[in-house]
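Please open the model in a viewer and keep the selection tool at hand.

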Amino acid sequence: MMPNDRATLLPPAPPPASLRHHRGRGPHEHNDAGFSDPRPLPSGGARTTSVEVRTNLLAANDRYAEVIRARLREHGVFTANLMSSPGAGKTALLEATLARLSGKLRVGIIEGDIETTADTDRLAPYGVPVVQINTGPFGGDCHLAAPLVAGALDKLDLGALDALIVENVGNLVCPAEFDIGEDRKVVLLSVTEGEDKPLKYPLMFHEARLALVTKIDLLPYLDVDLDLIRANIARINPQIPVFPVSARNGEGLDVWLDWLLQEVRTKRGWHTDPPPSA
Amino acid sequence: MHEMSLAMSVVDEVERVLTGFGPQARAVSVTLQVGGLRAVVPEAMEFCFEAAAQGTRAQGARLDIEQVPIVVRCGHCGHDWTVEVIEFMCPACEGPVQVLSGKELLLRSIEVDDGHDDYSSRTEDDA
């Protein structure tokens, strides 16, 4: 499904939501028997047929995601999909990351937000290609879907990139559903959000292949238990690494950057260290 | 609110399937299969479906949602169990688990009214 279909499907004011077992009437009036009987009915009854479909509702999105994945593979661009709740520090992590990778790695960024170019503006000083996606014109989607990301890829010179980092729309639920052709899903959880979030938003932590616990410079001021955050992530996904980081004071960033460099090396088939200069 | 994106996919698929049923055909009901990991809120899904279906052949159709339990298997000891409180660590050996079911997000079936409310005229069409 293309997000811009929405404008034609949504009426200006949605109908009331009191519809759990609402049964619609078509252009004709039927008796109830007419709905469930698949055989031809006597005169006056309509015929209904049950059709087995078994279509994956994400199939349209997934087809776009595979096209994206093929394009990124062709150019050997490692792609990370950064996801978190709003305000967990995705953009701050990108700022700290770009500052440290300058001259070492050619990074492109796709910024996803419902509205504003605020994040793109923040990243402008780092001199890397940044493409902003705003989902507002497409109905204000709370996640990036693959068709939008495919459009953003057209604005990037993939041949000039080693890595692409996609900052998804801030949301711990929906972005986890939508494959955007990335190599790795990375979830950020800030220490101010509380230890219980992995248990409350399990799909996100289940789908992620790396978890970053952000804003650890705030730990001295909070009653939050970092070990409990780790334990709760492990209850949902025992295999993923968990890196505590602070974009503000730089603590833990080397571990994250090493992980990123290693993923890029693997994707590009580099066997030397350091990688070719940007 | 991923329900709106999903509802639009449902309506697109209903329209696609109904093209094989002639111009008068309408969807009477639509059945989805949704795994417990998908965080789909049935009330939100119904509301979004109702809105997305306006002006389409799914307008007014009933939405039935079948919930699929989360069933997992331990990668170490092979133990299978149904997850009630979401947790993906084997209670027997703390091994990592593989999800056997619970990620479903399917349009399972559509009940189609072919729109021929007069039996004799329908049999003529069929002939």
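The stops below concern a helix pair and then a group of aromatic rings in this predicted model.

**Helix pair in chain B**

Begin by selecting residues 2-18 of chain B, helix α1, together with residues 42-53 of chain B, helix α2. Their axes lie 8 Å apart and meet at an angle of about 50 degrees; the two helices are therefore oblique to each other. The crossing of α1(B) past α2(B) is right-handed. To display the contact, show the side chains of B:Glu3, B:Met4, B:Leu6, B:Ala7, B:Met8, B:Val10 and B:Val11 on α1(B), and those of B:Ala44, B:Met45, B:Cys48, B:Phe49, B:Ala51, B:Ala52 and B:Ala53 on α2(B). Of these contact residues, 13 are nonpolar and 1 is charged, with no polar residue.

**Aromatic rings in chain A**

How many aromatic pairs does the whole structure hold? A search over all chains finds 2. For one of them, select A:Phe78 and A:Trp259: the ring centres are 6.1 Å apart and the planes stand at 75 degrees, so the pair is edge-to-face. A:Phe78 belongs to strand β2 (residues 78-83) and A:Trp259 to helix α10 (residues 253-268), so this pair ties together parts 181 residues apart in sequence.

Finally, view A:Phe78, A:Trp256 and A:Trp259 as a cluster linked by ring pairs.

Conventions:
Residues are numbered from 1 along each chain as its sequence is written. Chains are lettered from A and ligands numbered from 1 in the order in which they are written. This is a predicted model: local features need pLDDT of at least 70, side-chain atom pairs count only at pLDDT 80 or more; totals for chains, interfaces and linings use all residues. Side-chain values use heavy atoms; hydrogens and water are left out. Axes are lines fitted to C-alpha atoms, for helices over the stretch in contact, and angles run from 0 to 180 degrees between N-to-C directions. Helices (H or I, at least four residues) and strands (E, at least two) are DSSP runs, numbered from the N terminus. Angles under 35 degrees count as roughly parallel, over 145 as roughly antiparallel, 65 to 115 as roughly perpendicular and the rest as oblique. A crossing is left-handed if the near helix is turned anticlockwise from the far one by less than a right angle, and right-handed if clockwise. Contact means heavy atoms within 4.5 Å. Ala, Val, Leu, Ile, Met, Phe, Trp, Tyr, Cys and Pro count as nonpolar, Asp, Glu, Lys and Arg as charged, and the others, Gly among them, as polar. Rings of Phe, Tyr and Trp (its six-membered ring) pair if their centres lie within 6.5 Å; planes under 30 degrees apart count as stacked, over 60 as edge-to-face and the rest as tilted.
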